[in-house]
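Thanks for coming. I have one structure today, and I will keep it short.

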Amino acid sequence: MSRIGQSQINIPSAAAVEFKDNVITVKGNNIEMTRELNEGFDVKIEDGVLTVVRPDDSKTNRALHGLYRALINNMIVGVTEGFKKQLELVGVGYRASNQGQKLDLSLGFSHNIVIELPQEIKVETLTEKGKNPIITLSSHDNQLLGMIVAKIRSYRKPEPYKGKGIKFVGEIIRRKAGKSA
């Protein structure tokens, strides 16, 4: 039994939710997000509380029940508050800069990596002397934001010996001891 799927979602006053023909639409803060649900799934909206109801207890419907509830919750949070992720570049000579939607990363390769970001994502880079560069990405779409952050992080994952690489702000890298003499 899906515990996540059965929990209810409180709809804030800033968001408007509409369910029609297996398509759920969430509007708020001049942003509109839609998602299509599988046949048979129902969304009940009563007194500012949303509940996802699955058609039966088959294995696929039980698996999708919690997924749909989480995706709808992310849509509601996205249009009201938005999502934000911060990445920190740890390493000598690692730099980040942006011009508009282009993110320019210098990660110790022979060339810089230039990433063209989608319009839904806002990017900011902060470089202070004596501190590691920080990239701040924000968006209303949590799924897209997670994919972009994972792509950026894949260029230099943090390594366990020196801790160099791209990591989340506040992430603790498990360190290993080097060779013992």
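This is a predicted model: local features need pLDDT of at least 70, side-chain atom pairs count only at pLDDT 80 or more; totals for chains, interfaces and linings use all residues.

Start with the layout. The protein chain is divided into two parts, domain 1, residues 9-81, and domain 2, residues 83-168. Their C-alpha centres are 31 Å apart.

Now the interface. On the domain 1 side, eight residues are in contact with five residues of domain 2. Interface size is often quoted as the accessible area lost when the parts come together. Here domain 1 and domain 2 bury about 500 Å² between them, and 61% of that is on carbon and sulfur atoms. In domain 1, the residues that lose the most area to domain 2 are Met33, Asn74 and Gly78, which together make up 56% of what that side buries. As for salt bridges between domain 1 and domain 2, the count is zero.

Next, the pocket. How much space lies in the largest pocket? About 150 Å³. Its lining consists of Met33, Thr34, Arg35, Leu71, Asn74, Met75, Asp141, Asn142 and Gln143. Three elements, β4 (31-36), α2 (59-80) and α3 (142-154), each give two or more residues to that lining. By class, the lining has three nonpolar, four polar and two charged residues.

Where does the largest pocket lie relative to the domains? Domain 1 and domain 2 both give residues to its lining, so the pocket lies between them.

Conventions. Residues are numbered from 1 along each chain as its sequence is written. Side-chain values use heavy atoms; hydrogens and water are left out. On a 1 Å grid over the protein atoms alone, a cavity is a set of points where a 1.4 Å probe fits but cannot get out, and a pocket is an open set with protein on both sides within 12 Å along at least five of seven lines; lining residues have an atom within 4 Å of a point. Grid points are joined across faces, edges and corners, and a volume is the space filled by probe spheres set on the points. Helices (H or I, at least four residues) and strands (E, at least two) are DSSP runs, numbered from the N terminus. Ala, Val, Leu, Ile, Met, Phe, Trp, Tyr, Cys and Pro count as nonpolar, Asp, Glu, Lys and Arg as charged, and the others, Gly among them, as polar. Domain bounds come from an automatic or database domain assignment. Contact means heavy atoms within 4.5 Å. Buried area is the accessible area (1.4 Å probe) that two parts lose on being put together, summed over both. A salt bridge is a side-chain nitrogen of Lys or Arg within 4 Å of a carboxyl oxygen of Asp or Glu.
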